[in-house]
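Subject: Structure handover

Hi,

Here is the structure we talked about. Please load it first, then read the notes below.

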Amino acid sequence: MQTRRLTPVIGVEITGIDLSAPIPDPTFAAIREAWLHHKVAVFPGQRLTEDGLMRFGQRFGELEIHVRSTYHSRHHPEVMIVSNKKENGRAIGVLGDGEAVWHIDQSYMPRPTFGTILFGEEIPPQGGDTWFADLATAYDRLPASLQTKIEGKRGVNSVDRHNKRDAAGRPDLAMTAEQLKRAPDSPHPLVRRHPLLGSRAIYYSPSHTAEIEGLSDQASQALFHELLPYMTQPELIYKHHWSVGDVVMWDNTATMHRRDPFPGHYSRLLKRVSFRYPPEHRVPV
Ligand SMILES: O=C(O)CCC(=O)C(=O)O
Ligand SMILES: [Fe+2]
């Protein structure tokens, strides 16, 4: 197994390993270490079945069953389809061909996602790049006054408000009452401690963190507005340009991501699993 930094701050490429084959414990420990340390890990040239993707994901933690059940794989509810493809006029995957704006995966759940793994099966020749920003380094580089301002505050994460705000013309975002019950508005600290590393990171998901507890809407938005430029500094970002066979995984405790749109006449299809924090760290602290 070889590793290569993708930028001086965030991202590592890991080669010389076949993720579909059984991975010995020491090799797995090295992969996990590299991923946690660099926050985003890219494994090019993989061939993974859904079972293989699940087997790899399960080594990191309990697999999550995504609340948007419409886009589960037909074969396994743990596998989610991210795609613009349609079958009989119905979208088989989430997110379509549009931009996915900056977010932290499932920050709107009472128990948010720890890691997400995507496997690229069909990739368009242009567009659809996925950008990752390092929110631990962003936190470290905040002016002390801004660190103090967010210290001890909780952001209210709301998929319901996100859906209502962005749902115009996006039927893929609609959620049933049953799904919304699983995803109630969820307050989480704006600064969270990494459950395994102890480092601190900003935990503000521009798509889903709707307001700050105890602040007016105006004061909440003003603080978000102040934070965002520090979270999107170019040197904190790794932009992934996809090839078929790429596996990309990221740590939602310490990063956020966004995706570029792509021309809708191309097909893009990725398979996705996500896993949870260890039980003792499920609610961000
Ligand atoms: O389509 C992508 O590249 C990213 C999708 C995404 O945000 C996710 O799977 O969590
Ligand atoms: Fe995402």
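Predicted model: local features only at pLDDT ≥ 70, side-chain atom pairs only at ≥ 80, totals over all residues.

**Helix H7**

By that count, the face of H7 turned away from its buried side carries the exposed residues Asp217, Gln218, His225 and Pro229. H7 covers residues 217-231, 15 residues in total. From first C-alpha to last it reaches 21 Å, close to the 21 Å expected at 1.5 Å a residue. Its buried residues are Leu223, Leu227 and Met231. Viewed down the axis of H7, these buried residues fall within an arc of 80°, so they line one face of the helix. The general rule is that an α-helix has 3.6 residues a turn, so residues three or four places apart point the same way.

What do the buried residues of H7 pack against? The strands are E10 (130-134), E14 (200-202), E15 and E18 (255-259). The helices are H3 (135-140) and H4 (144-150).

**The sheet with E15**

E15 also belongs to an open sheet of 3 strands, in the order E12-E11-E15, with antiparallel pairing. Strands E12 (186-189) and E15 (209-212) stand at the edges. Each has a single partner strand, so one side of each is left without a neighbour in the sheet. The twist averages 35° from one strand to the next. E11 (residues 154-157) pairs with E15 in the antiparallel sense over 3 bridges. Asn157 stands opposite Thr209 in E15.

**The core**

The largest nonpolar core has 53 residues. Those with the most contacts inside it are Val40, Ala41, Leu53, Leu135 and Ile202. Leaving aside residues up to four places away in sequence, Leu53 touches Leu48, Val79, Ile117, Phe119, Lys271 and Val273.

**Val9**

Where does Val9 sit? Val9 is in the loop between strand E1 (2-5) and strand E2 (12-15). It has 18 C-beta neighbours inside 10 Å, so it counts as partly exposed. Again leaving aside residues up to four places away in sequence, Val9 touches Asp134, Thr137, Glu235 and Leu236. The C-alpha atoms of Val9 and Ile237 are separated by 8.0 Å, while the two residues are 228 residues apart along the chain.

Best wishes

Note on methods
Residues numbered from 1 in each chain as written. Chains lettered and ligands numbered in written order. Core = buried A, V, L, I, M, F, W, Y, C linked by C-beta atoms within 7 Å. Buried ≥ 20, exposed ≤ 12 C-beta atoms within 10 Å, placed from the backbone. Contact = placed C-beta atoms within 7 Å. Pairing = 2+ DSSP bridges. Helix = DSSP H or I, 4+ residues; strand = E, 2+ residues; numbered from the N terminus. Axes fitted to C-alpha atoms, helices over the stretch in contact; angles between N-to-C directions. Expected span 1.5 Å × (residues − 1). Arc of directions from axis to C-beta.
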